[in-house]
Amino acid sequence: MEDYLVRGVGVGGQFRVFAAVTTSLVEEARQRHDTWPVATAALGRVLTAGLLLGANLKGEDLLTLRVYGDGPLGAIIVSATAGGEVRGYVQEPHVDLPCERTGKLPVGEAVGKGLLHVTKDLGLKEPFTGSIELVSGEIGEDVAQYLLTSEQTPSAVSLGVLVGPDARVKAAGGLLLQLFPGAEEKLLTHLEQNITSMPPVSSLINSELSPEGLVARAVNGLDIHYLDKYPVRFVCKCTREKVGDILAAMGKEELEKPLAEQGQVEVRCHFCGEKYTFSGPDLQAIVKA
Ligand code: ZN
């Protein structure tokens with residue numbers, strides 16, 4: 001199944017819903033950053049959350065999620081566009097923690113306690129940032145708490161990444177349900193009960209359930225009017241030119257040491273892991289230009 005996202009509203013207009021399958025892009029992130037299972041799961045959940053929250057934006061708007069926990073993973077940074085492009089990284093990709101229960105990666109423990117910041121750059125003078133203390137570090141609950149306290153939107157969020165015994169991503173995706181102002185509180189309770197009684201989204205996706213299928217399970221019989229369906233991908237904005245500009249700004253002295261030691265300067269993009277190498281003549285051209 002291809003990665004894609006759907007956006008819809010409940011018929012009757014009381015809530016909106018977003019669902020995505022992100023298996024391939026989370027696997028791409030794993031390969032790019034060489035993440036180990038618990039890091040793969042944590043980063044995959046944040047990447048999926050970025051896409052689900054980004055689906056509320058328009059045009060060139062940009063959304064950034066920053067998870068600063070005190071656990072062994074360190075920071076997790078993800079940025080997503082309104083159009084379904086996402087990129088991100090985890091500070092410590094090589095974290096290994098014992099599983100308490102089989103099949104359940106200890107994401108909360110690996111993330112730890114700390115803060116979640118959500119920044120929306122809507123093309124205005126100042127980007128908007130909302131921050132909360134992490135509830136559990138499991139990401140889904142943390143994003144729901146952010147939406148409730150910072151955006152006053154009661155929401156249910158379910159995110160999941162299933163990692164196979166070979167450490168590859170078998171299934172990943174998520175679901176976000178938000179009540180519109182004036183909706184009945186008992187509707188949220190009903191929807192939350194549906195979602196908590198569902199099998200984990202990652203195992204539903206692993207058994208070939210589509211984003212629409214996830215929505216149908218979550219709303220259990222309520223009618224949905226779909227507004228949008230589009231592919232989601234891992235895309236980074238870095239280019240050799242942009243990296244060259246950064247090197248030029250660093251100046252000659254900073255670059256002389258690595259050049260003397262390695263014969264070249266290698267720069268790795270944090271967001272996507274892409275490596276750019278510059279030889280002595282390359283650098284001369286950049287610094288002069
Ligand atoms: Zn990059």
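Val 46, Ala 49, Leu 65, Val 67, Leu 116, Leu 134, Ile 139, Asp 142 and Val 143 line the largest cavity of this predicted model. On a 1 Å grid over the protein atoms alone, a cavity is a set of points where a 1.4 Å probe fits but cannot get out, and lining residues are those with an atom within 4 Å of a point. The largest cavity holds about 30 Å³ of space, where a volume is the space filled by probe spheres set on grid points that are joined across faces, edges and corners. A search of the whole structure finds one cavity of 30 Å³ or more. Helix H2, strand S3 (62-69) and helix H4 each supply at least two residues of its lining; helices (H or I, at least four residues) and strands (E, at least two) are DSSP runs, numbered from the N terminus. By residue type, the lining divides into eight nonpolar, no polar and one charged. Here Ala, Val, Leu, Ile, Met, Phe, Trp, Tyr, Cys and Pro count as nonpolar, Asp, Glu, Lys and Arg as charged, and the others, Gly among them, as polar.

Residues are numbered from 1 along each chain as its sequence is written. Because the model is predicted, local features need pLDDT of at least 70 and side-chain atom pairs count only at pLDDT 80 or more, while totals for chains, interfaces and linings use all residues; side-chain values use heavy atoms, with hydrogens and water left out.

The next topic is the pockets. A pocket, in contrast to a cavity, is an open set of grid points with protein on both sides within 12 Å along at least five of seven lines. The largest pocket has a volume of about 1,000 Å³. Of the 41 residues that line it, Arg 45, Lys 104, Glu 138, Ser 158 and Leu 159 are the closest to its centre. Two or more lining residues come from each of helix H2 (37-54), helix H4 (140-151), strand S8 (155-163), helix H5 (185-197) and helix H6 (201-206). Strand S8 gives the largest share, nine residues. The lining of the largest pocket comprises 23 nonpolar, 10 polar and eight charged residues.

The second largest pocket has a volume of about 160 Å³. Its lining consists of Cys 238, Lys 242, Val 243, Ile 246, Leu 247, Val 267, Arg 268, Cys 269 and His 270.

Which residues hold the zinc ion? Its protein donors are Cys 236 (SG), Cys 238 (SG), Cys 269 (SG) and Cys 272 (SG), lying 2.2 to 2.3 Å from the ion. Donors are N, O and S atoms within 2.8 Å of the metal (3.2 Å for Na, K and Ca), and sites may look incomplete because water is not among the atoms. The site is tetrahedral, with angles of 102 to 112° among its four donor atoms; four donors count as tetrahedral if all angles lie between 85 and 135 degrees. Along the sequence, the donor residues follow the spacing C-x1-C-x30-C-x2-C. Cys 236 lies in the loop between strand S11 (233-234) and H8, and Cys 269 in the loop between S12 and strand S13 (275-279), so the pair ties together parts that are 33 residues apart in sequence.

Cys 236 and Cys 269 are both buried, a word that means under 20% relative accessible area, whereas exposed means over 50% and partly exposed in between (1.4 Å probe, protein chains only). Cys 238 is buried because its relative accessible area is 19%, and Cys 272 is buried at 2%. The structure holds zero disulfides, a disulfide being a pair of cysteine sulfur atoms within 2.5 Å.

Two loop residues complete the account. Gln 152 has a positive phi near 50° although it is not a glycine; this residue is placed in the loop between H4 and S8. Gln 152 is exposed, because its relative accessible area is 59%. Asn 220, also not a glycine, has a positive phi of about 45° and lies in the loop between helix H7 (211-219) and strand S10 (224-231). With 51% relative accessibility, Asn 220 counts as exposed.

Key:
Tetrahedral: all angles 85-135°; square planar, octahedral: opposite > 155°, others 65-115°.
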